[in-house]
Amino acid sequence: MEVSPFYEKKMQCLQCKEHFPTTRIRSRQVRVAQHDSDFRPIYVNKEINPLFYNVTVCPHCGFASTDDFSPYFAPGTKEMIAQNITAKWHSRSFGGIRTKEEAIEAYKLAYLSANLKKEKHLTMAGMMLRIAWIFREAENETEEKRYLTISRNLYVHAFSEGDYVGTQMSETRVQYMIAELSWRIHDREEAIRNFSRVIESQKRSTEPNIIQLAKDRWQEIRGEETNE
Ligand SMILES: [Zn+2]
């Protein structure tokens, strides 16, 4: 018998403390065929996109979050969320199977919640990147570039404020993301500056894969220059 890739996870809202179920994907059933150069996973099974299920939306108060959110609320932020989200919220559920549009809306809600809650720029950058990936899969280049730009700018903030410290993202990786997203949005100057920083860091970096990706891109950039 085939096990459904979906399951219901019981959640408790960080904001209002209500309990509700959210739909998740069994990670054992997810196979990644390859990754794009900005780490977008390309799944073997095109029917189900696990990226659609990273965000949990509370049907009671509208607060939306991912597993990267911290449980801590800075003073005043709960009130800001109540005024700006809950006061305008018409109860609706994001449970069950999500369409592409619902997934994007869930990420936008999580971005709004993160902003009011003053989550790390790194967390917000990751959410905007996932919206860009959803548009890439849908071959909507205009929207993809729009969200890549927002994400890139958030990674720049995350880098300058050092808010990646203590997360799974290393300094090299954040710089690589700035470089790679800049390259994809045709901000050549910023791309070159950051790829060279990544390559310069190779002696102290513990991420040979990232260094190699940056070197590959560097060659490509140099190749284009010779062709001009
Ligand atoms: Zn809630």
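Analyst: The account below begins with the domains and then turns to the charged residues. The model is a predicted one.

The protein is divided into domain 1, residues 1-119, and domain 2, residues 121-228. Taken over C-alpha atoms, the centres of domain 1 and domain 2 lie 24 Å apart. On the side of domain 1, 23 residues are in contact with 26 residues of domain 2. The size of an interface is often given as the accessible area lost when the parts come together. Between domain 1 and domain 2 the buried area is about 2,100 Å², and carbon and sulfur atoms give 70% of this area. Within domain 1, the residues that lose the most area to domain 2 are Asp38, Phe39 and Tyr111, which together make up 30% of what that side buries.

Polar and charged groups also take part. Nine residue pairs are in polar contact across the interface of domain 1 and domain 2. Helix α2, residues 100-117, gives the most to the side of domain 1 that touches domain 2, namely nine residues. By class, that side of domain 1 has eleven nonpolar, five polar and seven charged residues. Four salt bridges are counted between domain 1 and domain 2, while a search of the whole structure finds 17.

Arg136 counts as buried because its relative accessibility is 12%, under the 20% limit. Asp36 is likewise buried, with a relative accessible area of 17%.

Arg136 also forms a salt bridge with Asp38, with the closest N and O atoms 2.6 Å apart. Here too distant parts of the chain are linked, as Asp38 lies in the loop between β3 and β4, 98 residues from Arg136 in helix α3. Both Arg136 and Asp38 are buried.

Asp38 forms a salt bridge with Arg184 as well, the closest N and O atoms being 3.8 Å apart. Arg184 in turn meets Glu180 in a salt bridge of 2.9 Å, N to O. Arg184 and Glu180 both lie in helix α5 (residues 171-184), four residues apart, about one turn of the helix. Arg184 is partly exposed, with a relative accessible area of 21%, whereas Glu180 is buried, at 0%.

These residues belong to a network of salt bridges that includes Asp36, Asp38, Arg136, Glu180 and Arg184, with Arg40 and Glu137 also among its members.

Definitions and conventions:
Residues are numbered from 1 along each chain as its sequence is written. This is a predicted model: local features need pLDDT of at least 70, side-chain atom pairs count only at pLDDT 80 or more; totals for chains, interfaces and linings use all residues. Side-chain values use heavy atoms; hydrogens and water are left out. Domain bounds come from an automatic or database domain assignment. Contact means heavy atoms within 4.5 Å. Buried area is the accessible area (1.4 Å probe) that two parts lose on being put together, summed over both. A salt bridge is a side-chain nitrogen of Lys or Arg within 4 Å of a carboxyl oxygen of Asp or Glu. A polar contact is a pair of N or O atoms within 3.5 Å; within protein, one must be able to donate a hydrogen and the other to accept it, and residues adjacent in sequence count only if both atoms are side-chain atoms. Helices (H or I, at least four residues) and strands (E, at least two) are DSSP runs, numbered from the N terminus. Ala, Val, Leu, Ile, Met, Phe, Trp, Tyr, Cys and Pro count as nonpolar, Asp, Glu, Lys and Arg as charged, and the others, Gly among them, as polar. Buried means under 20% relative accessible area, exposed over 50%, partly exposed in between (1.4 Å probe, protein chains only).
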